[in-house]
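Dear colleague,

Please find below the structure that I promised to pass on, followed by some notes on what came out of the analysis.

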Amino acid sequence: ATFLVRGGTQIIKLNRSMLWVQAIALVFSIIIGMLTFTGSMVACLKLHGTIASKPRVLPFRWGVTALLFIAMAVLGALSFSGGQDWNDRGWGITYIAMIAVLS
């Protein structure tokens, strides 16, 4: 959205900084939502006994976490940049989907 609308009337035109705040909030909400969904699925599978309740520790987990965080930050920046118009995302939706998969 490029306009702030209340009650069907246009109040103000959104500037670039307001649009960037919305973009960052969108990326964070996708990441938090996917982490919550993954945690719920793991809890459900543990309660059903499908996976063991013993914790699994990945080798180099801090490095993997750092790489995933960097990849999500880069994809988040790419999804709202690259000369695209705010209402015509092009590759942006693909980058957002990749963030959902990584998170």
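Helix H2 passes helix H3 in a left-handed crossing, a term used where the near helix is turned anticlockwise from the far one by less than a right angle. This is a predicted model, in which local features need pLDDT of at least 70 and side-chain atom pairs count only at pLDDT 80 or more, while totals for chains, interfaces and linings use all residues. Residues are numbered from 1 along each chain as its sequence is written, and side-chain values use heavy atoms, with hydrogens and water left out.

H2 (residues 61–79) and H3 (residues 92–102) pack at an angle of about 160°, their axes lying 8 Å apart; the axes are lines fitted to C-alpha atoms over the stretch in contact, and angles run from 0 to 180 degrees between N-to-C directions. The two helices are therefore roughly antiparallel to each other, the word applying to angles over 145 degrees.

On the H2 side, Leu68, Ala71, Met72, Leu75, Gly76, Leu78 and Ser79 meet Gly92, Tyr95, Ile96, Met98, Ile99 and Leu102 of H3, where contact means heavy atoms within 4.5 Å. The residues of this contact divide into 10 nonpolar, three polar and no charged, with Gly counted among the polar ones.

As for the whole protein, its elements run β-β-α-α-α from the N terminus on, helices (H or I, at least four residues) and strands (E, at least two) being DSSP runs. Of the 103 residues, 18% count as buried, that is, under 20% relative accessible area with a 1.4 Å probe, protein chains only.

Conventions. Angles under 35 degrees count as roughly parallel, over 145 as roughly antiparallel, 65 to 115 as roughly perpendicular and the rest as oblique. Buried means under 20% relative accessible area, exposed over 50%, partly exposed in between (1.4 Å probe, protein chains only).
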